[in-house]
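Here is a short briefing on one protein model. Read it with the structure open beside you.

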Amino acid sequence: MNHHYDALESRPPALREAALMARLPRLVALAQTRAPAFARMLREVDAAGITSRAALAQLPVLRKSMLLALQKQQPPFGGCATAEWGPECARVFASPGPIHEPEAPRRDYWRTARALHAAGFRAGMLVHNTFSYHFTPAGSMLESGAHALGCTVFPAGTGQTELQLQTMAALQPHAYVGTPSFLRILLERGDQLGLASPRLKHAAVSGEAFPPALRDLLANCGIEGFQIYATADLGTIAYETAARDGLVVEEDAVVEIVRPGTGDPVADGDIGEVVVTVFNPTYPLIRYGTGDLSRVLPGTSPCGRTNMRLAGWLGRADQSAKIRGMFVHPVQINEVLRRFSEVRRARLVVDNPEGPDRVRLQCEATEASAALADALAVGFRDVTKLRAEIQLLDPGTLPDDGKLIDDQRRFD
């Protein structure tokens, strides 16, 4: 577990910084030349001068809401990609929003192999991948990294717990990829059904929080679980190592922490929004605001990797919430409400009193009925790809504070 993926992970920080900064002018020039949206946003920028973090910080931040608007104006990728249909774009995905992401036919396109390696994945292992292969890129993201390591992948996808367990009992995978909560469900249900997977020793989890209590539960089952911090737009941003001391930033990315709502970097150690630049020639996202809050940890990891470390997910800079691996945005709640004239106001409440995420859509309705609740449930699922409990309330019940998503989850 202490072996590194390559020598890049342990190089001196100054050498890494110099190498990353030397790549920035080429990335900016590529975006200006081949990605129309960046050509507009960066039209006054001298690419050759973007050779430091201070210079990078002068460029505008592209946030998810802006990307969504760009894609609506100029489908499919809002002018932010250098390729559309054809051999340079092998797949296209649609994440909630909807926001579309291209995938080029390059080895480890999403840069997940390094994170999987840190989680103990090695050549010759069978990986049970429970991330979705439908619409969103998560399944493909982790599969590409596993293939780059020389692993075999079973594309399980989501749901169908008992069928998943039957397949795991038959194939006996060495490793699991998916959300940590679904792995817990599989383990608990497997115990009930007598369907065991004794060779399962490694897990790479993402899409939701991975609290210490759940990590310890997996360890008691003989499974070492490690977090991967990734998004559908960017691929891997950072990953957990055996040191269990923060998340090490991916080698092929520049991460900044900025004051929410601005592009201004905060002091090291202060909490702010995670802004990422990735060296992806197909989708050269420059200063992409994730909306996630985190902070930089001091020093380097005890595991020997010398890159910047993040404290992990510390909340959202906006009202968006990541639920069961899927982002839900206020615009989506409004989209549901527009379908129902009986609903005056609504709020999505997310909590986890018993561990797994609980999702409730609270709606003030002028005429409450079971039929309305059922229709709201269907509408919410259509828009967000998630299920929610519908709670119909009397008008005037919800606070008049403009909040559409109330994330009450605790991860301590």
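Where is Pro-76 found? Pro-76 sits in the loop between helix 4 (64-73) and strand 2 (91-95). Keep in mind that this is a predicted model.

- Most residues other than glycine have a negative phi, and most peptide bonds are trans.
- The peptide bond from Pro-75 to Pro-76 is cis, and its omega is near 5 degrees.
- Another cis bond runs from Gly-97 to Pro-98, with omega near -10 degrees. Pro-98 lies in the loop between strand 2 and strand 3 (99-103).
- Gln-160 is not a glycine, yet its phi is positive, near 55 degrees. Look for Gln-160 in the loop between strand 5 (152-155) and helix 7.
- Arg-287 is not a glycine either, and its phi is positive at about 55 degrees. Its loop lies between strand 12 and strand 13 (288-294).
- Are these two residues buried or exposed? Gln-160 is exposed, because its relative accessible area of 57% is over 50%. Arg-287 is buried, because its 0% is under 20%.

**Two crossing helices**

- Helix 7 (residues 161-171) and helix 8 (residues 180-193) have axes that come within 10 Å. The axes cross at roughly 75 degrees.
- That angle falls in the range 65 to 115 degrees, so the two helices count as roughly perpendicular.
- On the helix 7 side, the residues in contact are Thr-161, Glu-162, Gln-164, Leu-165 and Met-168. They meet residues of helix 8, including Phe-182, Ile-185 and Leu-186.

**A buried valine**

- Val-274 belongs to strand 12 (residues 272-278). Val-274 is buried, with a relative accessible area of 0%.
- Val-255 is 19 residues away from Val-274 along the chain, but their C-alpha atoms are separated by 6.8 Å.
- Leaving out residues up to four places away in sequence, Val-274 touches Tyr-229, Val-255, Tyr-288 and Leu-293, among others.

**Rings and charges**

- How many aromatic pairs does a search of the whole structure find? The search finds four.
- Phe-77, Trp-85 and Tyr-283 are linked into a cluster by ring pairs.
- Arg-23 has its charged end over the ring of Phe-279, 4.1 Å from the ring's centre.
- Arg-244 lies over the face of Phe-226, at 4.0 Å from the ring centre.

**Cysteines**

- The count of disulfides is zero.
- Cys-221 is partly exposed, with a relative accessible area of 41%. Cys-363 is buried, at 0% relative accessibility.

Terms used: Residues numbered from 1 in each chain as written. Predicted model: local features only at pLDDT ≥ 70, side-chain atom pairs only at ≥ 80, totals over all residues. Heavy atoms only, no water. Phe/Tyr/Trp six-rings, centres within 6.5 Å; stacked < 30°, edge-to-face > 60°. Lys NZ or Arg CZ within 6 Å of the ring centre and 35° of its normal. Disulfide = S-S within 2.5 Å. Buried < 20%, exposed > 50% of the residue type's maximum accessible area, 1.4 Å probe, protein only. Axes fitted to C-alpha atoms, helices over the stretch in contact; angles between N-to-C directions. Helix = DSSP H or I, 4+ residues; strand = E, 2+ residues; numbered from the N terminus. Parallel < 35°, antiparallel > 145°, perpendicular 65-115°, else oblique. Contact = heavy atoms within 4.5 Å.
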